Amino acid sequence: MQARLMGIALAATLAVLAAGCGSSSGEMSKADYEAKIQADGKAVQDSVSAISAGFTNIRSVAKQVAAAEVAAKKAADDLDATNPPKDVAADNDALVIAMRTIDAELKKLTQAAKDGDAMAAQAAASALQSSPEIQAGQAAVKDMQKKGYAVGVLGNE
């Protein structure tokens, strides 16, 4: 079971892909966007890392998974509200979709952990690992890197 939850934690690390970028009245500068995405990516990564750190049994991680879900939702909301530089606007949109997908699957994972339902937890973890939306988010991060953006932990798969 610990190996499965470690897999869940690794899959949830994909939440880092779409760490938020706070809202702004105008287009953000590249430097501001990079700083925001790096800081928010770190916040999501930290909450996801707590999942494997808190594992003793499936129910023991419910609180950590719920915290990761909140962090993913906040990042998606922040990202959706931002006005990124034009050259990464499409990438930003892909990250919003990826984060909404991560949020939905982490909600399922939270409930499965609360219920002690290992099968439902595994299904949520598998959905995270195989999601085309999350894969598109990964591609968006790579595209941002090709464009010269320093994305911090987002670029570490």
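This is a predicted model: local features need pLDDT of at least 70, side-chain atom pairs count only at pLDDT 80 or more; totals for chains, interfaces and linings use all residues.
**Exercise 1. Describe the chain as a whole.**

*Solution.* Step 1. Take the elements. The protein chain has six helices and zero strands. From the N terminus on, they run α-α-α-α-α-α.

Step 1. Take burial. Of the 157 residues in the protein chain, 47% are buried.

Step 2. Take the contacts with a separation of 6 or more. Residues 24 or more positions apart account for 74% of them in the protein chain.

**Exercise 2. At what angle do H4 and H5 pack?** Work out their arrangement.

*Solution.* Step 1. H4 spans residues 89–115 and H5 spans residues 118–130. They pack at an angle of about 165°, with their axes 8 Å apart. Axes are lines fitted to C-alpha atoms, for helices over the stretch in contact, and angles run from 0 to 180 degrees between N-to-C directions.

Step 1. That angle makes H4 roughly antiparallel to H5. The cut-offs: under 35 degrees is roughly parallel, over 145 roughly antiparallel, 65 to 115 roughly perpendicular, and the rest oblique.

Step 2. Name the residues. Ile102, Glu105, Leu106, Lys108, Leu109 and Ala112 in H4 meet Ala120, Ala121, Ala124, Ala127 and Leu128 in H5.

Step 3. Sort them by class. The contact of H4 with H5 has nine nonpolar, no polar and two charged residues. Ala, Val, Leu, Ile, Met, Phe, Trp, Tyr, Cys and Pro count as nonpolar, Asp, Glu, Lys and Arg as charged, and the others, Gly among them, as polar.

**Exercise 3. How do H4 and H6 meet?**

*Solution.* Step 1. Their axes come within 8 Å and cross at roughly 145°.

Step 1. The H4 side of the contact includes Asp91, Ala94 and Leu95. Among the H6 residues are Glu133, Ile134 and Ala136.

Step 2. The contact of H4 with H6 divides into ten nonpolar, two polar and three charged residues.

**Exercise 4. How many aromatic pairs does a search of the whole structure find?** Characterise what turns up.

*Solution.* Step 1. The search finds one aromatic pair. Rings of Phe, Tyr and Trp (its six-membered ring) pair if their centres lie within 6.5 Å; planes under 30 degrees apart count as stacked, over 60 as edge-to-face and the rest as tilted.

Step 1. The partners are Tyr33 and Tyr149, 6.1 Å centre to centre with 90° between the planes, which is edge-to-face.

Step 2. Tyr33 is in helix H2 (residues 30–53), and Tyr149 is in the segment after helix H6 (132–146). They are 116 residues apart, so the pair links distant parts of the chain.

Step 3. Tyr33 is buried at 0% relative accessible area. Tyr149 is buried too, at 5%.

Technical notes. Residues are numbered from 1 along each chain as its sequence is written. Side-chain values use heavy atoms; hydrogens and water are left out. Helices (H or I, at least four residues) and strands (E, at least two) are DSSP runs, numbered from the N terminus. Contact means heavy atoms within 4.5 Å. Buried means under 20% relative accessible area, exposed over 50%, partly exposed in between (1.4 Å probe, protein chains only).
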